[in-house]
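Biologist: Hi! Could you walk me through this model in plain words?

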Amino acid sequence: MPHIEHANVSSFLVDRVNLPSEEAKKHRKQVNGLRDRLADKIAADADYGLVKSLHAGSVAKRTALKTVNDLDLAVYVKKAEAPSEDAKLVTWLADRLFEATSNMDRSQFEEQDHCVTVNYKGSGLSVDVVPVLYEGDADDVGYLIKKNSGVRLKTSIPLHLEFIASRRQTHGLAFLELIRATKWWKRQIVNRMDADFKFKSFMIELIWAHLVDEGLDLSDYPTALESFFEYIVTTELEERIAFTDYTPASTIPARGSAPIEILDPVNIENNVASRYDSAGRDKIVQQASAALDALTDARFATTKGRAVDDWQVVLGPTFKG
Ligand SMILES: Nc1ncnc2c1ncn2[C@@H]1O[C@H](COP(=O)(O)OP(=O)(O)OP(=O)(O)O)[C@@H](O)[C@H]1O
Ligand SMILES: [Mg+2]
């Protein structure tokens with residue numbers, strides 16, 4: 001038997017990686033407090049430019065790490081009433097949010113380039129409020145303004161939540177836990193090896209979704225993690241990933257020329273990996289390869305010390321077996 005087994009990895013995730021449910025509840029309460037203020041204002045004032053708000057991001061998807069400190073709220077904005085220029089839109093949005101709340105200073109609504117960060121004093125938490133330009137489409141499809149680039153993406157936040165929830169329903173908590181383990185691995189790389197390493201959380205989630213859709217068994221975490229890294233190493237992420245939940249297979253286009261193509265399940269025209277160049281892809285493949293080597297070595301290690309050293313390559317120095 002390998003020295004590090006499912007139970008060792010699973011208890012590490014529970015102790016160190018997962019956001020404890022009490023914490024998650026507190027986070028949700030914070031977001032819901034803001035959502036309630038917005039809903040009241042929307043109901044009371046027909047001319048208010050906001051339509052609704054939806055909790056997006058990892059805390060909503062249940063894929064958040066213990067270290068999460070920013071929450072994501074997508075606010076649906078009436079396109080016709082909002083300024084079109086980003087700088088003006090962000091100020092306008094911050095004003096609208098301030099207007100709906102009480103007991104807060106305008107200075108707590110911090111204007112970023114493309115979103116508004118709401119800073120809470122007591123909890124130290126912050127909520128990134130991301131605008132979605134909305135014209136009444138079905139399924140809450142609108143134009144999400146990406147918080148770091150300002151790019152407009154046609155997509156639907158609730159369908160993303162539903163997409164992740166559907167895999168969670170079929171494959172159980174393991175699906176979420178392995179996503180968190182992989183996000184943790186990525187964090188170790190960023191914190192301790194390469195501050196510029198990029199591997200977007202949503203991409204990690206979609207790769208796991210692809211693997212389970214193809215039949216990957218998640219019951220043994222070490223094996224499942226090895227399979228995840230092996231997939232990246234063997235395909236070099238050349239293989240296009242797409243889903244048919246909301247798009248018939250016949251409409252999915254041939255692979256394009258982007259170094260990585262992971263299509264948004266909601267909108268096949270949106271490549272979630274569009275910001276990655278081939279150097280960015282190579283870095284992911286190299287890191288996955290190092291992780292795969294370590295896990296393979298761990299499986300055959302003859303001492304527990306050696307196996308723990310190997311696992312620390314993936315899960316960081318706090319993993320003690
Ligand atoms: N390129 C994209 N195309 C479509 N939707 C996106 C894209 N990027 C992010 N999103 C939306 O934003 C949500 C948040 O994703 P993101 O990867 O930014 O962080 P997260 O899940 O909150 O993880 P964490 O903050 O823990 O890294 C996604 O679930 C998705 O709904
Ligand atoms: Mg987030």
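This is a predicted model: local features need pLDDT of at least 70, side-chain atom pairs count only at pLDDT 80 or more; totals for chains, interfaces and linings use all residues.

Biologist: What volume does the largest pocket have?

Modeller: About 1600 Å³. A pocket here is an open set of points on a 1 Å grid over the protein atoms alone, where a 1.4 Å probe fits, with protein on both sides within 12 Å along at least five of seven lines; lining residues have an atom within 4 Å of a point. The volume is the space filled by probe spheres set on the points, which are joined across faces, edges and corners.

Biologist: How does the lining split by class?

Modeller: The largest pocket has 19 nonpolar, 13 polar and 12 charged lining residues. Ala, Val, Leu, Ile, Met, Phe, Trp, Tyr, Cys and Pro count as nonpolar, Asp, Glu, Lys and Arg as charged, and the others, Gly among them, as polar.

Biologist: What about the second largest pocket?

Modeller: That one has a volume of about 240 Å³. Its lining includes Arg 62, Glu 177 and Arg 180, and helix H2 (21–44) and H6 each supply at least two residues.

Biologist: New topic: which residues are closest to ligand 1?

Modeller: Ser 58, Lys 61, His 160, Lys 183 and Ser 201 are the closest of the 15 residues that surround ligand 1. A residue counts as near if one of its heavy atoms lies within 4 Å of the molecule.

Biologist: Which atoms of the ligand do the lysines meet?

Modeller: An N or O atom in the side chain of Lys 61 is 2.7 Å from an oxygen atom of ligand 1, and a polar side-chain atom of Lys 183 lies 2.8 Å from an oxygen atom too. For Lys 200, a polar side-chain atom is 3.2 Å from a nitrogen atom of the ligand. Taken alone, ligand 1 exposes 620 Å², and the protein buries 84% of that; such areas come from the Shrake-Rupley method with a 1.4 Å probe, and for residues only the protein chains shown count as cover.

Biologist: Back to Arg 62: what is its phi?

Modeller: About 70 degrees, which is positive although Arg 62 is not a glycine. Most residues other than glycine have a negative phi. Arg 62 lies in the loop between H3 and E2.

Biologist: Is Asp 140 buried or exposed?

Modeller: Buried, because its relative accessibility is 15% and buried means under 20% (exposed is over 50%, partly exposed in between, using a 1.4 Å probe and protein chains only). Phi of Asp 140 is also positive, near 55 degrees.

Biologist: Last one: what does the side chain of Thr 155 contact?

Modeller: The side chain of Asp 264, through a polar contact of 2.7 Å. A polar contact is a pair of N or O atoms within 3.5 Å; within protein, one must be able to donate a hydrogen and the other to accept it, and residues adjacent in sequence count only if both atoms are side-chain atoms. Thr 155 is in strand E7 and counts as buried at 4% relative accessibility.

Methods:
Residues are numbered from 1 along each chain as its sequence is written. Chains are lettered from A and ligands numbered from 1 in the order in which they are written. Side-chain values use heavy atoms; hydrogens and water are left out. Helices (H or I, at least four residues) and strands (E, at least two) are DSSP runs, numbered from the N terminus.
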